[in-house]
Number of protein chains: 2
Amino acid sequence: MQRTFIIIGHRAKTTSDFEFNDLPGSGGGIDTLSRCLATAFCLSNGIRKESRVFLILQGGKDAPKAIRFCGSELRGLNPDERSIAGIIRAALNKKAEMGVWAAISPGVYVSKASFGDVLHELSEEGATFIHLRESGVGLRDFEFPEDPCFILGDNTDLTESEEKALHAYRYRDVSVGPRSYHSDHCITMVQIEFDHRNL
Amino acid sequence: MQRTFIIIGHRAKTTSDFEFNDLPGSGGGIDTLSRCLATAFCLSNGIRKESRVFLILQGGKDAPKAIRFCGSELRGLNPDERSIAGIIRAALNKKAEMGVWAAISPGVYVSKASFGDVLHELSEEGATFIHLRESGVGLRDFEFPEDPCFILGDNTDLTESEEKALHAYRYRDVSVGPRSYHSDHCITMVQIEFDHRNL
């Protein structure tokens, strides 16, 4: 089953002039997005081909931008933050246009798209949105819909206006556990739940 | 309940002359150990005070060395790889001696100890060892012992001689899911399983 994740980088740089030495600060939290990509795609012995990730970058001068990663096309992905930040930088070096997904490398695309634009596109495809948050149905008790799309903030949850955008569509609130977790840890839980169910 | 993890860095540098820009290569996989520490300790809103991690570093000129991290004493921990690699470097800059845990910063200690030495020390404390591996009892069905100590390799599983050292003690084999996972993802699964059981 296809597993889609939308991750919102509220402060994440949309221009490529960030320092690899300071992904949390100058990158606006690109380290967090890198860890999320690693957990969405990396098995110890390969790539999760059934995964798809949309990063929404909302920081810096060229906001917003979206980067799409398709597991079925990726040739490989090293899980370290710096390698993944290099892929993000390459995507930010390409001119992003509205309504177009420009190819960067196999499985990586960039577009001048907002969170709302990506929601609209995936909704047209038939996705059901699942907001991963502290309060919600427990993941283990949750019956996965046909085409699930999980939505997470980076270090902070969705803003009021992002929630409003989401609530225009069919969605569910789901929680991965009883404490407050980093986004990449939530993605790990979702992925291994899929594995357990053999979906 | 105290949660202890031993993570073996088979190639991990034991001297501080590695490049922050190349933790997988020049650090011998210190990026992997950093991600493991982040998942062992970092909640979205604080530190897991009940966690304790022993890194066993087996690469480079001064092998082996062990670095101990105690959640109850740590003042904070940023989850990005570079910040954590900075703490590891500080520990490697200190002279490590056999039979002594030298303090580096609050909650961080270094010793000239091998995997076998750490197993012996924790066994004396009453730990039950749990080898996280692909084949084993499912984590969800596993009844946690009193003082559990989880053992993982970094990118590669335990060597034959490490398994032999472990098998001299009381131990169990436990699996977190049906596929082959990175060590940090396994730690996430264990931590959130503890949370679910409110242990």
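In the predicted model, helix α1 (residues 30-41) of chain B packs against helix α5 (residues 183-197) of chain B, with an angle of about 10° between them and their axes 8 Å apart. An angle under 35 degrees counts as roughly parallel, and α1(B) and α5(B) are therefore roughly parallel to each other. On the side of α1(B), the contact is made by Arg35(B), Cys36(B), Thr39(B) and Ala40(B). The residues that α5(B) contributes are Ser183(B), Asp184(B), Ile187(B), Thr188(B) and Gln191(B). Sorted by class, the contact of α1(B) with α5(B) comprises 3 nonpolar, 4 polar and 2 charged residues.

Helix α1(B) also lies across strands of chain B, namely β1 (3-13), β4 and β5. Its direction is at about 175° to that of β4(B). Strand β4 (residues 51-59) of chain B runs antiparallel to strand β5 (residues 65-70) of chain B, and 6 bridges join the two. Within this pair, Phe54(B) stands opposite Arg68(B) of β5(B).

In chain B, 8 strands make up an open sheet with mixed pairing, in the order β6-β7-β5-β4-β1-β9-β8-β10. The edges are taken by β6 (102-105) and β10 (171-175) of chain B; each has a single partner strand, so one side of each is left without a neighbour in the sheet. From one strand to the next, the twist averages 30°.

The sheet of chain A is likewise described as open, with 8 strands in the order β6-β7-β5-β4-β1-β9-β8-β10 and mixed pairing. Its edge strands are β6 (102-105) and β10 (171-175) of chain A, each of which pairs on one side only. With direction ignored, neighbouring strands of this sheet are turned by 30° against each other on average. Strand β4 (residues 51-59) of chain A pairs with strand β5 (residues 65-70) of chain A over 6 bridges, in the antiparallel sense. Arg52(A) has Cys70(A) in β5(A) opposite to it.

Two helices of chain A are placed against this set of strands. Helix α1 (residues 30-41) of chain A lies across β1 (3-13), β4 and β5 of chain A and runs at about 170° to β4(A). Helix α3 (residues 115-125) of chain A lies across β1, β4, β5, β8 (128-138) and β9 (148-153) of chain A. The angle of α3(A) to β4(A) is about 155°.

The relation between the chains was examined next. Two copies of a chain are related by a rotation about an axis and a shift along it. Here, chain B is superposed on chain A by a rotation of 180° with 0.0 Å of shift along its axis, at an RMSD of 0.0 Å. That is the relation of a two-fold axis. Of the interface residues of chain B, 100% are also interface residues in chain A, so the copies meet through the same surface.

One residue with contacts across the two chains is His185(A), which lies in helix α5 (residues 183-197) of chain A. Among the residues it touches, not counting those up to four places away in sequence, are Ala38(B), Thr39(B), Cys42(B) and Thr188(B). The relative accessible area of His185(A) is 4%. Because buried means under 20% relative accessible area, His185(A) is classed as buried. In sequence, His185(A) and Ala40(A) are 145 residues apart, while their C-alpha atoms are 9.9 Å apart in space.

Methods: Residues numbered from 1 in each chain as written. Chains lettered and ligands numbered in written order. Predicted model: local features only at pLDDT ≥ 70, side-chain atom pairs only at ≥ 80, totals over all residues. Heavy atoms only, no water. Least-squares fit on C-alpha atoms with pLDDT ≥ 70 in both. Contact = heavy atoms within 4.5 Å. Helix = DSSP H or I, 4+ residues; strand = E, 2+ residues; numbered from the N terminus. Buried < 20%, exposed > 50% of the residue type's maximum accessible area, 1.4 Å probe, protein only. Axes fitted to C-alpha atoms, helices over the stretch in contact; angles between N-to-C directions. Parallel < 35°, antiparallel > 145°, perpendicular 65-115°, else oblique. Nonpolar A, V, L, I, M, F, W, Y, C, P; charged D, E, K, R; others polar. Pairing = 2+ DSSP bridges.
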